[in-house]
Amino acid sequence: MPKDHGIGASPKRREDVRFLTGKGQYTDDINLHGQTYVHFLRSDVAHGIIKSIDTSAAENMPGVVRIFTGADFEGVGGLPCGWQITDRHGQPMQEPGHPVLARGKVRHVGDPIAAIIAETKEQARDAAEAIELDIEELPAVVDMVSALAPDAPKVHDELTSNLCYDWGFVEENKAAVDEAFEKAAHVTTLELINNRLVANPMEPRVAVGDYNQANDESTLYTTSQNPHVIRLLMGAFVLGIPEHKLRVVAPDVGGGFGTKIFHYAEEAFVTFASRQIRRPVKWTSTRSEAFMSDAHGRDHKTKIELALDADNNFMAIRTDTYANMGAYLSTFAPSVPTWLHGTLMAGNYKTPLIYVNVKAVFTNTVPVDAYRGAGRPEATFQLERLVDKAARELGVDPIALRRQNFITQFPYATPVAVEYDTGDYIATMDRMEEIMDLSGFEARRKASEAKGKWRGLGVNCYIEACGIAPSNLVGQLGARAGLYDAATVRVNATGSISVMVGAHSHGQGHETTFPQVIAEMIGIDESQVDIVHGDSSKIPFGMGTYGSRSLAVCGSAMVRAAEKVIRKAKKIAAHLLEASEADIELKDGKFSVAGTDKECAWGDVTLAAYVPHNYPLEDIEPGLEETAFYDPANFTYPSGAYACEVEVDPETGKVTIEKFAAADDFGNVVNPMIVEGQVHGGIAQGIGQALLEAAVYDENGQLQSASYMDYAMPRADDVPFYIVDHSCCTPCTHNPLGVKGCGEAGAIGSPPAVVNAVIDALASGGKNVPHIDMPLTPHRVWKAINQ
Amino acid sequence: MELSDSRVINAPKNEVWTALLNPEVLQDCIPGCQEMAGSIEEGFEATVVQKIGPVKATFKGAVQLTDIVEGESCTISGEGKGGPAGFAKGGAKVRLAEVEGGTELSYDVEAKIGGKIAQLGSRIIDGVARKLADEFFTKFQSVVEGPAEESGAVEEGATEAEVKKGWLKRTFGG
């Protein structure tokens, strides 16, 4: 019988009560006394020299408080990059400056040039129209390959070229990999594009800066996944405000998907400007602004090759990727195509030799950074498309080829620098075949054919590195921060508990799941536990939420803190029960003395801690509150097998997803319902990437798909009923909960399944098409059928 | 985006050429043109109101005639800034040739848009540019050729431009 409380139960999401009744408190709901509004005048050319900015007429417009331009940021830092990549030759990446407001040049459509602060939003916008701007347009670089031509216009004049870095991984393996390809019985080659995406969280970004002259404190309210990271980056690197004078609050946040990890110019601006004008400054992004100022995702161009021996064993993998950085380096951009991508190229397979080359390129486009999966979807897509293509070329069953090459012994050290602790890829593949009813596929295909449709089956596996990340390891890899997390378990006098966590919940359901863990550990009701998150003044510290890390890293910190609390509570209980501490047991919210009927309640002990009349004051302090920081020993490695069945209409090229199954191994699961929801959302975004979404620039660097008229988000009728299963469980060996993380899996595992299925459908219709680039729009599929 | 087309105008080549270089005719024929001031030599300042997809904006900018080969060909180019709506730039290379039935006017149009109109209207810009070019040259044709003989009184609801039709015919005694 399923559990009805604690770990493994599926209580409904308690946060949904406020979200579904319109009672959420988002950043845009925050309005402060004396608040002003800022509007950013943004570049409408992709590349140009700012010849002059005349704000004199605009300054006299009604309601205008002050207008800032790049010149006002003399002596202020630029937006920092949190990761430094070392290239193939041991040199640091090229790292250009990233001013808060453009200076000298504009480098992408949407680059902020001036900021107009006025009494109302409308007045700020009207005044922006009165700014006389003279920009000399320069030729733009948009395509990554031509951006590296010797005569290409340079995005940053101070750099030697548009190449950020040329990264080889593992460089020492290159010669051996090349040799394996010479000896191979068969080589499969695939060239593909991983399409540029815009995350499009439901809530656009918002920032409110509030400077308090009385105590010289600044507060930033912002739509962030990681308020402490913003405090660190903005305080230390941009504005020079020490931590104790800077508070960052990320209240309810309506979806992040990675794009709200990064430190953005608008956040620094409102904080800076509020100090200047001594009034609160608010910015609310419009949807159009979001398209041209939120960091985009993906945008890789890859050639990947697989060498197989005569028995179809994988011998070596070699990849050559161009990764778009956009015009500036966003906070974690350089790490995405490297350490979050190259290290995953082994996938689920025991390929002994791997070499990954990545050239990161500056272009006159919006910066590109992590988006749900971040690097891992790019790795999974190319590898799983490649394996499928190899199976087709060799005339073998794609599932059998995968099974033959699976890693089966754990721990497994890959040739790309990571060690998988646990996994069972055969089990997830078996489970997928079962829940997908794979044996019934041929009958379903015939039924589709009878309707004049081509049915295809696509299968793939995935592995991801989550629970980001061991600080000592990422430090060696160029991270400029530690990636541990922290939690404080504060037990109140009457026994209720507030847990201050560094993870931030913006759709993940932490407010429901984290209390389940504490309730399980102590044996009290979940309603007695609340979590507090998103405010740097209320929580000890925290690196935030991304990389499917919340439960694996912050949850582990919470468990460690709760263990400390329980240890202390047992000491108090031992005193109250006049027994030895070693004999005290905690079960169902009661302390008992082993082998006796002596017991006292959780509440008796917590009350004693705060009303220490009868208390061992000489041994322990009053109060019951503990903090723990947790730095993981390794990444976690969720894995799974996905399958997708599509119908293709040969007349129109329209693809419909008929059936989709996901068999995941997330290790232990705290709330199965929330895990399913995470997988559903991830798959929907993966299907969006596979069939619908694409950020398109024209050759002049104009973003052509900058509204929902041209950027197609998945809608309810684009996605199928998902069959989701996480019964395969190989617990993580190195964190106390044995959890692996589930937030990104769906987005990582689904695009190759969809594309493999469409290729299979076309083959069933007699069209042997090696590859179609995403998104697989009716037009592209129709062209492939009719070429 | 680029497009090319041609049409035959029922008028002698020199008449077509004169009309092409006449600021008043250009103002009449540029779709949405509200104002135009200046000269062939110095270039013109123009105000044009256009709706591209969901974005309606007033573009202010310069119109220039360059590469003038007397009586044969020229390039009409323009660049307009529409404030928050973005910008549009474009040019039309126009060539004249004597053919049976009058003068053949061929044109190659090139247009470039940026800012909000590119973000919201890119999917329809080809159609819009084709329509605007078509409107321009249709109007130009009717201005040069004048109204059909049988059309008598000015129709109710006719635009100012339509009333002006035949201006050239009158001027040149056609």
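Where in chain A is the place of Tyr615(A)? Select Tyr615(A) and look to either side: you are in the loop between helix H16 (602-610) and strand E25 (625-630) of chain A. Keep in mind throughout that this is a predicted model.

**Stop 1: around Tyr615(A)**

Is Tyr615(A) buried, exposed or partly exposed? Tyr615(A) counts as partly exposed because 17 C-beta neighbours sit inside 10 Å, and a residue needs 20 or more to be called buried.

**Stop 2: the domains of chain A**

Colour chain A by domain. Domain 1 takes in 27-140 + 205-284, domain 2 takes in 300-469 + 634-786, and domain 3 is 484-630. Show domain 1 and domain 3 of chain A together: their centres, taken over C-alpha atoms, are 40 Å apart. Where they meet, 17 residues of domain 1 are in contact with 14 residues of domain 3. On the domain 1 side, pick out helix H6 (227-239) and strand E11 (246-249) of chain A, which each supply at least two of the touching residues. H6(A) gives the most, with four residues. Sort that domain 1 side by class and you get eight nonpolar, seven polar and two charged residues.

**Stop 3: the core**

Which residues have the most contacts inside the largest nonpolar core? Select Val38(A), Ile116(A), Ala487(A), Val499(A), Met558(A), Val754(A) and Val758(A); the core they belong to has 283 residues. Next, highlight helix H15 (residues 550-576) of chain A, which gives the most to this core, with 15 residues. As a bit of background, nonpolar side chains tend to be buried together in soluble globular proteins.

Zoom in on Ile116(A). Leaving aside neighbours within four places in sequence, Ile116(A) has contacts that include Val38(A), Leu41(A), Ile67(A) and Ala128(A). His39(A) is also among them.

**Stop 4: a four-stranded sheet**

Switch to cartoon view and find the open sheet in chain A whose strands come in the order E18-E26-E27-E28, with mixed pairing. The edges are strand E18 (454-463) and strand E28 (722-725) of chain A, each pairing on one side only. From one strand to the next, the twist averages 10 degrees. Now focus on strand E27 (residues 655-665) of chain A: E27 and E28(A) run parallel and are joined by four bridges. To see one of the pairs, select Phe660(A) and its bridge partner in E28(A), Tyr722(A).

**Stop 5**

Select Phe169(A) and Val170(A), which are joined by a cis peptide bond with omega about -5 degrees. Val170(A) is in the loop between strand E7 (163-169) and helix H5 (174-183) of chain A. Another cis peptide bond joins Met774(A) and Pro775(A), with omega about -5 degrees. To find Pro775(A), look in the loop between helix H18 (745-764) and helix H19 (778-786) of chain A.

Next up is Phe257(A), in the loop between E11 and helix H7 (265-277) of chain A. Phi of Phe257(A) is near 55 degrees, a positive value in a residue other than glycine. Is Phe257(A) buried or exposed? Phe257(A) is buried, since 28 other C-beta atoms lie within 10 Å. Then hop to Ser548(A), in the loop between strand E21 (529-532) and H15 of chain A. Ser548(A) has a positive phi of about 45 degrees, though it is not a glycine, and counts as buried because of its 31 C-beta neighbours inside 10 Å.

**Stop 6: over to chain B**

Chain B has five helices and seven strands, and buried residues make up 33% of its 174 residues. Look for the hairpin formed by E2(B) and E3(B), with three residues between them. Strand E2 (residues 33-39) and strand E3 (residues 43-52) of chain B pair in the antiparallel sense over six bridges. Select Cys33(B) and you'll find it opposite Val48(B) in E3(B).

Finally, bring chain A back. How many residues of chain B are in contact with chain A? There are 14, and they meet 14 residues of chain A. Strand E7 (102-114) and helix H3 (116-145) of chain B each supply at least two residues of that chain B side, with H3(B) giving the most, six residues. The chain B side divides into five nonpolar, six polar and three charged residues.

Notes: Residues are numbered from 1 along each chain as its sequence is written. Chains are lettered from A and ligands numbered from 1 in the order in which they are written. This is a predicted model: local features need pLDDT of at least 70, side-chain atom pairs count only at pLDDT 80 or more; totals for chains, interfaces and linings use all residues. A nonpolar core is a set of buried Ala, Val, Leu, Ile, Met, Phe, Trp, Tyr and Cys residues joined through C-beta atoms within 7 Å. A residue is buried if 20 or more other C-beta atoms lie within 10 Å of its own, exposed if 12 or fewer, and partly exposed in between; C-beta atoms are placed from the backbone. Two residues are in contact if their C-beta atoms, placed from the backbone, lie within 7 Å. Two strands pair if DSSP finds at least two bridges between them. Axes are lines fitted to C-alpha atoms, for helices over the stretch in contact, and angles run from 0 to 180 degrees between N-to-C directions. Ala, Val, Leu, Ile, Met, Phe, Trp, Tyr, Cys and Pro count as nonpolar, Asp, Glu, Lys and Arg as charged, and the others, Gly among them, as polar. Domain bounds come from an automatic or database domain assignment.
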